[in-house]
Amino acid sequence: MTEFKPLVFSGVQPTGNLHLGNYLGAIRKFVALQENNDCIYCVVDMHALTAQLVHEDMPTQIRSITAAFLAAGIDPKKHIVFNQSQVPQHAELAWIFNCVARIGWMNRMTQFKDKAGKDREQASLGLYAYPSLMAADILVYRATHVPVGDDQKQHLELARDIAMKFNLDFHDKIVPTGLGIDIKVGEEPVHAYFPMVEPLIDGPAPRVMSLKDGTKKMSKSDPSDLSRINLMDDQEAISKKIRKAKTDPDALPSETEGLKGRPEADNLVGIFAALADKSKADVLSEFGGQQFSVFKPALIDLAVEVLAPINAEMRRLMEDPGHIDAVLRDGGERARNRAEKTMNEVRDIIGFVR
Ligand code: TYM
């Protein structure tokens with residue numbers, strides 16, 4: 001049985017400041033994966049329009065996410081770094097996926113419900129169709145692995161559903177053209193054009209929580225800046241936010257079991273573990289029995305050690321927007337070539353005349 005060539009794809013929206021959740025849940029994993037994989041990392045600027053159409057600072061936001069990718073260590077020559085709007089094939093495939101996906105599937109998306117809020121009638125059609133564009137982002141390269149934070153899990157399940165329905169609906173067109181590949185879905189071999197994408201969500205911090213409330217996700221939209229560490233925060237801000245982070249009065253446990261029911265302790269230990277490339281169990285074997293008055297200064301030192309060089313490099317890169325734009329243009333061109341190959345095959349499978 002042949003297999004899809006492993007290819008990593010992921011994206012980050014250029015909306016607001018990047019925070020520690022984006023870094024540990026996504027960007028740090030992007031960097032690790034590039035050692036042994038072919039990778040495509042995208043600044044998903046078209047997605048940024050779904051919640052708010054006009055962004056005065058769109059170019060700066062796009063460059064700042066790109067700068068974060070580069071500063072964190074992604075190599076744009078060996079891999080591909082680009083912004084989504086430079087590859088119109090994403091939108092073209094998304095339209096086809098809009099016709100594959102069922103309204104019932106979209107209605108289950110919890111992120112749409114959260115983002116649309118109470119006044120759903122006023123949400124954009126783009127916000128509703130967002131997961132279909134996300135599936136197209138990945139599948140226009142027939143990517144197989146997608147590193148993301150835990151909040152994107154449902155969207156990736158939808159991408160699998162869309163891929164599966166496309167494969168089944170066009171089965172009679174895919175097989176004779178020889179364009180598909182035999183994959184195993186459960187026990188069944190299926191001749192598939194699109195792979196079943198695998199989410200890469202594991203690690204000690206798949207869902208980094210707010211520093212003010214261990215039951216809420218760390219997010220760009222939290223009104224309190226003390227709830228998150230931004231990648232552009234300086235040493236003083238990082239230190240202040242960790243010192244003020246909510247905790248409970250008990251000492252740290254020696255085993256991960258002891259973190260149950262202690263969301264703030266669990267979150268800080270997870271952050272430490274992810275920053276140190278260790279497991280939570282390793283961190284607890286070092287700090288078990290210690291008070292937060294000992295653990296927090298160690299976490300501050302580690303966070304500053306990891307984040308300060310990224311912060312400095314982002315600032316340096318942001319002073320040369322011409323260089324960042326050249327990286328995006330070069331990546332855009334290479335991504336476009338790959339995406340066009342897929343689209344030509346998709347057009348043939350569907351039966352569009354070209
Ligand atoms: P976005 O821009 O909201 O977030 C970028 C990445 O950061 C992760 N993340 C977190 N991880 C852990 N803890 C947190 N508190 C936290 N907050 C955010 C997200 O899971 C994400 O991996 N829909 C995506 C962007 C996207 C995409 C794609 C991703 C568009 N197309 C195709 C993968 C593949 C999003 O809004 O991410």
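The count comes to 14 aromatic pairs, where rings of Phe, Tyr and Trp (its six-membered ring) pair if their centres lie within 6.5 Å, with planes under 30 degrees apart taken as stacked, over 60 as edge-to-face and the rest as tilted. The model is predicted, so local features need pLDDT of at least 70 and side-chain atom pairs count only at pLDDT 80 or more, while totals for chains, interfaces and linings use all residues. Side-chain values use heavy atoms, with hydrogens and water left out, and residues are numbered from 1 along each chain as its sequence is written.

**An aromatic pair**
- Phenylalanine 30 and phenylalanine 69 form an edge-to-face pair, 5.8 Å centre to centre and with 75 degrees between the planes.
- This pair links distant parts of the chain, since phenylalanine 30 belongs to helix H1 and phenylalanine 69, 39 residues apart from it, to helix H2 (residues 58-72); helices (H or I, at least four residues) and strands (E, at least two) are DSSP runs numbered from the N terminus.

**Ligand shell**
- The shell around the ligand divides into 12 nonpolar, 10 polar and five charged residues, with Gly counted among the polar ones.
- At least two residues of this shell come from each of strand E1 (8-12), helix H1 (20-33) and helix H6 (125-139).

**Polar contacts (N or O atoms within 3.5 Å)**
- A polar backbone atom of glutamine 13 is 2.8 Å from an oxygen atom of the ligand.
- A nitrogen atom of the ligand lies 3.0 Å from a polar side-chain atom of glutamine 152.

Technical notes
A polar contact is a pair of N or O atoms within 3.5 Å; within protein, one must be able to donate a hydrogen and the other to accept it, and residues adjacent in sequence count only if both atoms are side-chain atoms.
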